[in-house]
Amino acid sequence: MARTSKSKSASRETYNALREDIIYKRIPSGESLVEDDLAVKYNVSRTPIREALKWLENDGLVIYYPYRGCFVKTFTERDVVEIYTVRKALEGICCGTAAGIITDYNISLLEENQKKSVEAYENGDIPLANRLGDNLHKVILEISGNTQIQKILDQLKGQQEYFGSITSKMKGRMLKSLNEHEQILAALKAHDAKAAEEAMRAHMDSTMEDMLQEARNARVEL
């Protein structure tokens with residue numbers, strides 16, 4: 001039992017480390033992921049590497065080709081459009097639902113989260129501001145209570161974080177996101193379901209369009 005638990009822990013730690021290296025492009029898109037090389041790099045046996053690669057394939061961050069092996073996924077403009085289209089539809093629904101049932105307590109939590117996000121941005125801590133921005137989305141999903149939508153979006157979590165690491169480096173994008181989050185919060189506070197859904201959908205569209213524009217101008221790499 002202890003050995004099994006230790007093995008699972010090693011697999012999880014390896015997965016987290018490899019996942020972070022992919023998300024933050026320390027391992028580039030299209031890179032071949034050779035088990036023996038990864039085992040040396042992360043100082044583990046091949047078993048945790050194999051488990052980690054399976055989980056990363058489920059996350060949509062790794063692609064396995066028969067007879068060729070595993071490779072870091074190379075994202076395209078189509079991937080950006082498809083993922084943000086899904087997020088726009090599903091998070092828009094949840095935001096509208098949340099507006100009708102949100103409590104004063106939850107509003108205060110979101111306002112505090114937004115305040116900390118703005119402070120982090122003003123202090124130049126973009127990674128923290130980005131994590132707090134992601135938390136706003138997470139809390140809204142939880143408030144909506146739609147577990148089926150949460151399950152679907154959980155499957156896209158790795159790819160969402162990958163794109164989030166890109167948008168956090170785009171000039172002016174964080175400030176736009178903060179302002180868009182303010183509009184979402186205003187609609188939630190007003191318990192205006194239509195406005196809340198529209199604000200979330202507009203936020204997704206804005207983020208998607210900015211990322212596509214930056215990629216087309218070669219200012220970011222997908």
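This section describes helix packing, nonpolar cores and selected residues in a predicted model.

Two packed helices are described by the angle between their axes and the distance between the axes. For helix H4 (residues 77-101) and helix H10 (residues 193-216), the axes come within 7 Å and cross at roughly 165°. An angle over 145 degrees counts as roughly antiparallel, and H4 and H10 are therefore roughly antiparallel to each other. Their crossing is right-handed. By class, the residues of the contact between H4 and H10 comprise 14 nonpolar, three polar and eight charged.

Helix H4 also packs against helix H8 (residues 157-167), with axes that come within 11 Å and cross at roughly 105°. Because this angle falls in the range of 65 to 115 degrees, H4 and H8 are roughly perpendicular to each other. On the H4 side the contact involves Asp79, Val80, Ile83, Tyr84, Arg87 and Glu91, and on the H8 side Gln159, Gln160, Phe163 and Thr167. The residues of this contact of H4 with H8 are four nonpolar, three polar and three charged.

One of the H4 residues that meet H8 is Asp79. With a relative accessible area of 13%, Asp79 is buried, since the cut-off for a buried residue is under 20%. Apart from neighbours within four places in sequence, Asp79 is in contact with Lys73, Thr74 and Phe163. Of these partners, Phe163 belongs to the H8 side of the contact between H4 and H8.

A further packed pair is formed by helix H6 (residues 126-144) and helix H9 (residues 173-189), whose axes come within 11 Å and cross at roughly 25°. The angle makes H6 roughly parallel to H9, as angles under 35 degrees count as roughly parallel. The crossing of H6 and H9 is left-handed. From H6, the contact is made by Ile126, Ala129, Asn130, Gly133, Leu136, His137 and Ile140; from H9, by Met174, His181, Ile184, Leu185 and Leu188. Eight residues of the contact of H6 with H9 are nonpolar and four are polar, with no charged residue.

The largest nonpolar core has 49 residues. Those with the most contacts inside this core are Leu18, Leu33, Val80, Leu110, Ile140, Phe163 and Leu188. Helix H10 gives the most to the core, with eight residues. The helix contacts and the core share several residues. Val80 of H4 and Phe163 of H8 take part in the contact between H4 and H8, and Val80 and Phe163 are among the residues with the most contacts inside the core. Leaving aside neighbours within four places in sequence, Ile140 is in contact with Cys94, Cys95, Ala98, Leu110, Ile184, Leu188 and Met200. A second, separate core has six residues, including Leu141, Ile149, Leu153 and Leu156.

Not counting residues up to four places away in sequence, Asp59 touches Tyr15, Arg19, Gln155, Gly158 and Gln159. Gln159 is also one of the H8 residues that meet H4.

Glu13, in helix H1 (residues 2-23), is exposed, with a relative accessible area of 55%. The C-alpha atoms of Glu13 and Arg131 are separated by 21 Å, the two residues being 118 residues apart along the chain. Lys138 of helix H6 is partly exposed, at a relative accessible area of 48%. Lys138 and Gln150 are 12 residues apart along the chain, and 9.0 Å separates their C-alpha atoms.

Backbone geometry was also examined in the loops. Most residues other than glycine have a negative phi. Tyr67 is not a glycine, yet has a positive phi of about 70°. Tyr67 is placed in the loop between strand S2 (62-65) and strand S3 (69-72), and at 87% relative accessibility counts as exposed. His191, also not a glycine, has a positive phi of about 55°. The loop that holds His191 lies between H9 and H10, and His191 counts as partly exposed at 40% relative accessibility.

Definitions and conventions
Residues are numbered from 1 along each chain as its sequence is written. This is a predicted model: local features need pLDDT of at least 70, side-chain atom pairs count only at pLDDT 80 or more; totals for chains, interfaces and linings use all residues. Side-chain values use heavy atoms; hydrogens and water are left out. Axes are lines fitted to C-alpha atoms, for helices over the stretch in contact, and angles run from 0 to 180 degrees between N-to-C directions. Helices (H or I, at least four residues) and strands (E, at least two) are DSSP runs, numbered from the N terminus. A crossing is left-handed if the near helix is turned anticlockwise from the far one by less than a right angle, and right-handed if clockwise. Contact means heavy atoms within 4.5 Å. Ala, Val, Leu, Ile, Met, Phe, Trp, Tyr, Cys and Pro count as nonpolar, Asp, Glu, Lys and Arg as charged, and the others, Gly among them, as polar. A nonpolar core is a set of buried Ala, Val, Leu, Ile, Met, Phe, Trp, Tyr and Cys residues joined through side-chain atoms within 4.5 Å. Buried means under 20% relative accessible area, exposed over 50%, partly exposed in between (1.4 Å probe, protein chains only).
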